[in-house]
Amino acid sequence: MGAAYLARAPGGPPVVLKLLAPEVADDPALRARFEREAATLRRLPRHPSLVSIEGVVDAAGEPCLVMGYVEGPTLADEIRRLGRLAPDVAARLAQQVAEGLQAAHAQGVIHRDVKPANVIVGPEGRATLVDFGVAKDLRRSALTVPGQLLGTAAYLAPELWSGEDADARADLFSLGATLYHTLVGAPPFEGDLGEIADQAEAGDYPPPREAFADVPVELERVVVRLLMPDPAWRHASAGACARDLEGVLAGRPAATPCLVAPDGRRHALLPALRATLGRDPACELVLDDASVSRRHAQVAREAGGYLLSDLGSSGGTFVGDERVTAPRLLREGDRLRLGGLELRFDAGDAPAG
C-alpha cells in the first residue's frame, strides 16, 4: 500500500516517512484507510511500547506520516534467527506489548494486527508495537465492508472471523497467539484459512508445554487464557494481562480460574468447558483423597461463571456449610468441601457469580 523511508533532518534524530503508493493513491477506500491511520496515530499517547507519530505533512498533495524510528529487528526476525525465545524473554516482551495496547485501548484504538512482524525489539530488548494500518478507532465508523477481514489469519481472534463487532479483547487474542509463537517457534493455528478459522474458534492448538517443557506452567496458563475463543474469558483488559505477566515473571500464579487445595496446589479450570472432580484417573481434576468419590462433582463453565454440581457422591459436596443439591454458581473465595477435602475457588479476574 505504500513506501517507507528512513530520513534525518540536519542535526535531528532519524525518522520514518510513510507515503501512500502512487498506484493506489487514487483509490478512495485505500486513501481513506491511510488517512485514518494518520489520524489514529496522532491520537496515540507517547508510550515506550508504541511507535510515536511526530506529525503528518503534505508531500506534493499526498499525506505523509512522520514517525519515530525504532531501531532493531522485528520479533518475527528474532524467532527466525533463534527458533524460539527463552520463556522469560518472551513473557517480558508480551508484557511490554500489553502495556502499549492498554495505552492505545484507553484512547479507543484497537490495533487488529498484533503479530511478531509488527513488534520491533529494540537494542535494550524493549518491545515496540508498530503498524497501526488496520487499526480500528472505536470513535469513528468502520471503513471495512461486511465480510472483509483485516489482520493476519494465524493471529486473528475468532470474533473477527465471524464478522462480529469486536472490542479490545480481540487484540488480547492476537497477543496470545504472538506469545505462543515466541515460546514455541510456530503460531498456534496453521493450515488454510478455513482450517485456521476452525482451530481458533475451537481453541484447538498443541499446549506450549507439550512442545517445550521449559515453558512455566503459569505462563502457559496466561497463554491459554489469552487464546480463549470466547472473549469474556480472556483478561478483562490489556492492563490486566500486563499485570498477570508481571506477576508470573515474579513467581506468582497466573490470574486464571482455579480450585486451590490446602497445600497450595492450583487446579486450573481453563480451557475446559467442564471438569469432573474425583479420584478416578479419568477425571479432569484428579483428587488424591480417600474421602472423595471416584466421580465426585463437576464444575461447568457458563456465560456468567462456574456452576458446581454433585455427581451423587457418597460424602456429599458442600459450599461452606450448605450441601449442593442443585447446580450452584461459584463466587470468588467460596470454600468447597468434597467429602473431607477442602478447596477454595479463585476466579482470578474472570467472570464469577
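Begin by selecting Thr74, which is buried, with a relative accessible area of 15% (buried means under 20% relative accessible area, exposed over 50%, and partly exposed in between, with a 1.4 Å probe and protein chains only). What you have open is a predicted model, in which local features need pLDDT of at least 70 and side-chain atom pairs count only at pLDDT 80 or more, while totals for chains, interfaces and linings use all residues. Residues are numbered from 1 along each chain as its sequence is written, and side-chain values use heavy atoms, with hydrogens and water left out.

Thr74 is found in the loop between β4 and α2 (75-82); helices (H or I, at least four residues) and strands (E, at least two) are DSSP runs, numbered from the N terminus. Leaving aside neighbours within four places in sequence, Thr74 is in contact (heavy atoms within 4.5 Å) with Pro116, Ala117, Val119, Ile120 and Val121.

Next, show β4 together with β1, β2 and β3, which form an open sheet of four strands in the order β1-β2-β4-β3, with antiparallel pairing; two strands pair if DSSP finds at least two bridges between them. The edge strands, each pairing on one side only, are β1 (2-8) and β3 (53-59). Within this sheet, five bridges join β2 (residues 14-20) to β4 (residues 62-68), and the two run antiparallel. Select Leu19 and you will find Cys64 of β4 standing opposite.

Now turn to the aromatic side chains, of which the structure holds five pairs (rings of Phe, Tyr and Trp, the last by its six-membered ring, pair if their centres lie within 6.5 Å; planes under 30 degrees apart count as stacked, over 60 as edge-to-face and the rest as tilted). Select Phe189 and Tyr205, whose ring centres are 5.9 Å apart with planes at 85°, so the pair is edge-to-face. Phe189 lies in the loop between α5 (169-184) and α6 (193-202), and Tyr205 in the loop between α6 and α7 (208-211), 16 residues apart.

Then select Trp233 and Tyr306, an edge-to-face pair because the ring centres are 5.3 Å apart and the planes stand at 70°. Trp233 is buried, with a relative accessible area of 1%, and Tyr306 is buried too, at 2%.
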